[in-house]
Amino acid sequence: MPAEIINGKELAKQIRENMKEEVSDLREQGLVPHLTVVLVGDDPASRSYVNGKKKASAETGITSEIIELPESTSEKDLLDTISELNGNPEVHGILVQLPLPKAISEQKVIEHINPEKDVDGFHPLNIGRMMTGKDTFLPCTPFGIVTMLKSKNIKIAGQHVVIIGRSNIVGKPVGQLLLNENATVTYCHSKTKDLKEITKLADILIVAVGKPNVIGPDFIKQGTAVVDVGVNRLENGSLTGDVDFEAVKEIASYITPVPKGVGPMTITMLLQNTIKAAKRLNNQ
Ligand code: NAP
């Protein structure tokens, strides 16, 4: 039997419907959740992500603004902009779109954001809170992945989760979140030996590599739940994931498509974090 598809777009829509009601209630109490996105430079992919975030915010009643700064912006000017946003009580969530121009240290910028407004969940304080299982802003893509698995009641506790990819924004934190959910977690990366032998042991396989169709059916045992995080643009302009969807869906128990998979969930979790920030900053 082919895998059940976990449609992230549909799930995101349902979650955003619930959020709309929550935001409407907050607005009635005079609290309007507000997200500020800072975009430095003119990278078309970054611009498109930022526009997606603005549109999704508006749909749920969250207000947002995009601060656009030129590619030539100095690190100091960007840090000053963040300081202003940190001090502005009307701003609840701050997101600096990555990547930044090479002259600016991403780490410095991330660490400059008030952790209470860090809706991306990238500040080291929030990462530490996540690692120790404390309430915090969870990084959006990993948070979205866990929400997708839970939406289908896919068993996590005691299961073997194999993750391909160890980036700070996807691979590492998703493993940590699933460990917190009592999974047994194995991380793989470009230096991993005998990758296939490891992935074939997975009950849940999460692929965050960034190379089209690197994972085919020969990497997967019957019944594995497969989450494809990769977003790759092909020469013909279409988007595809890291997993050979058509072949793998014949073996997997569950599979996420690209597009309409993890991507819409990432934005939804950003909105959820923004609402959480607004409430926390206003002692709710
Ligand atoms: P990244 O920082 O480039 O990390 C890629 C990881 O894949 C690295 O750990 C790398 O290993 C590993 N890798 C590369 N080639 C490999 C191979 N042949 N075999 C095994 N491992 C290999 O990427 P990222 O930021 O995590 O993003 C990964 C993908 O997810 C990208 O396509 C990105 O666009 C997508 N993404 C999607 C969303 C979403 O919302 N849908 C969000 C974020 C990212 P090393 O560490 O050894 O180099």
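Modeller: Start with the ligand and R166: a polar side-chain atom of R166 lies 2.7 Å from an oxygen atom of the ligand. We call that a polar contact, a pair of N or O atoms within 3.5 Å; within protein, one must be able to donate a hydrogen and the other to accept it, and residues adjacent in sequence count only if both atoms are side-chain atoms. Keep in mind that this is a predicted model, where local features need pLDDT of at least 70 and side-chain atom pairs count only at pLDDT 80 or more, while totals for chains, interfaces and linings use all residues. Residues are numbered from 1 along each chain as its sequence is written, and side-chain values use heavy atoms, with hydrogens and water left out.

Biologist: Which atom of V231 is 3.0 Å from an oxygen atom of the ligand, a backbone or a side-chain one?

Modeller: For V231, it's a polar backbone atom. S167 uses its side chain instead: an N or O atom there is 2.5 Å from an oxygen atom of the ligand. As for cover, the ligand on its own has 930 Å² of accessible area, and the protein covers 69% of that. Such areas come from the Shrake-Rupley method with a 1.4 Å probe; for residues, only the protein chains shown count as cover.

Biologist: What sort of residues make up the shell around the ligand?

Modeller: A residue is near a molecule or strand if one of its heavy atoms lies within 4 Å of it. Here there are 19 residues around the ligand, and R166, S167, S190, K211 and T266 come nearest. By class, 8 are nonpolar, 9 polar and 2 charged. The sorting goes like this: Ala, Val, Leu, Ile, Met, Phe, Trp, Tyr, Cys and Pro are nonpolar, Asp, Glu, Lys and Arg are charged, and the others, Gly among them, are polar. Helix α10 (residues 262–281) gives the largest share of the shell, 3 residues. Helices (H or I, at least four residues) and strands (E, at least two) are DSSP runs, numbered from the N terminus.

Biologist: And how do I read a nonpolar core?

Modeller: In soluble globular proteins, nonpolar side chains tend to be buried together. A nonpolar core is a set of buried Ala, Val, Leu, Ile, Met, Phe, Trp, Tyr and Cys residues joined through side-chain atoms within 4.5 Å. Buried means under 20% relative accessible area, exposed over 50%, and partly exposed in between (1.4 Å probe, protein chains only). The largest core here has 49 residues, and I145, L149, L178, I204 and I206 have the most contacts inside it. Helix α10 gives the most to this core, with 9 residues. At least three core residues come from each of domain 1 (30–114) and domain 2 (140–263); those bounds come from an automatic or database domain assignment.
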